[in-house]
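Here is a quick walk through a few local features of this model. Have the structure open while you read.

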Amino acid sequence: MAITAADVNKLRQMTGAGMMDCKKALTEANGDFEAAIDILRKAGQKVAAKRADNATNEGVVLISISEDGSNGKLLALACETEPVSKVADFNNLASALLEAAVSNNAATKEDVLAATLSDGRTAEENIIELTGKIGEKITIAGYENVTAEKVVSYIHSNNKIGVLVAFTNTSGIDVQEVGKDIAMQITAMKPVALDKDGVDAATIEREIEIGKDQARAEGKPEAMLEKIAVGKLEKFYKESTLLNQQFVKDSSINIKQLLEQTQKGLTITQFKRIALA
């Protein structure tokens, strides 16, 4: 059957796909709109598979904090190029994914992908469809769900880094100001853990080996390498764990001391940082 311009435009309005893609799908489907939509969705799957290994360093980071401030959800939707990160359809999908995460109290990225959006299809199906429409890889680069007495959030000005900080023992104070300062510190200084107890064994082993190699290059005796490396590890903890880092705004104190000065007993229970880079 003949495919009219009106038919093509109608399918384009229904799917958001390009004019030529819509015409091709309608032709293949002999004018059947439902079949044409399925063809377009399958095309999205093919594009997604073809671009599966492509890097996704652009995108947008979004955060939602509950009304009582006790829960924060942080989601990053990534794409390949900056222009796509500015497209309305991409940003609308990111917002819809976060909304679904909030509605379902999604615990993991997999829960978000399985959530049903307002169109009745899953988040994953929507991502695949937009992948086909835009023509580059789109993926949930990260998702975090944090619950605490108070959760403070921060999104960096480029919308590519987001942080959640969880506090306890906040009674009687507003932790927003100190929380934002600490979240900005996490954004800039990239701590690997809250304290040294949170540093994983593989990281510790790597740092010890680096310390040994440095000491060996400096000509230190082999018998002293382990001791020297352990000393360097303490410096690593000071620089790379949040509570031991010097406070960027006042280098005379560290973050642990900042908390005590703000209110005795004020504690950070965890933090989450997602960056698109």
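## Two loop asparagines

Asn 169 is partly exposed, with a relative accessible area of 38%; here buried means under 20% relative accessible area, exposed over 50%, and partly exposed in between, using a 1.4 Å probe and protein chains only. You'll find Asn 169 in the loop between E5 and H8. Its phi is near 60°, a positive value in a residue other than glycine. Most residues other than glycine have a negative phi.

Asn 159 also has a phi near 60°, again positive and again not a glycine. Asn 159 sits in the loop between strand E4 (150-155) and strand E5 (161-168), and is partly exposed at 39% relative accessible area.

## Where the numbers come from

This is a predicted model, so local features need pLDDT of at least 70 and side-chain atom pairs count only at pLDDT 80 or more, while totals for chains, interfaces and linings use all residues. Residues are numbered from 1 along each chain as its sequence is written, and side-chain values use heavy atoms, with hydrogens and water left out.

Helices (H or I, at least four residues) and strands (E, at least two) are DSSP runs, numbered from the N terminus.

## H8 against H11

How do the axes of H8 and H11 cross? Helix H8 (residues 176-189) and helix H11 (residues 255-262) have axes that come within 11 Å and cross at roughly 175°. The axes are lines fitted to C-alpha atoms over the stretch in contact, with angles running from 0 to 180 degrees between N-to-C directions.

On the H8 side, Val 178, Ile 182 and Gln 185 meet Ile 255, Leu 258, Leu 259 and Thr 262 of H11, where contact means heavy atoms within 4.5 Å. By class, that contact has 5 nonpolar, 2 polar and no charged residues. Nonpolar covers Ala, Val, Leu, Ile, Met, Phe, Trp, Tyr, Cys and Pro; charged covers Asp, Glu, Lys and Arg; the others, Gly among them, are polar.

## The two sides of H10

In helix H10 (residues 225-240), Leu 225, Ala 229, Leu 233, Phe 236, Tyr 237 and Ser 240 are buried. They cover an arc of only 120° around the axis, which puts them on the same side of H10; the arc is that of the directions from the helix axis to the C-beta atoms.

Helix H9 (201-217) is included in what covers those buried residues. Turn to the face away from the buried side and you'll see the exposed residues Lys 227 and Lys 235.

Notes:
The expected span of a helix is 1.5 Å times one less than its number of residues.
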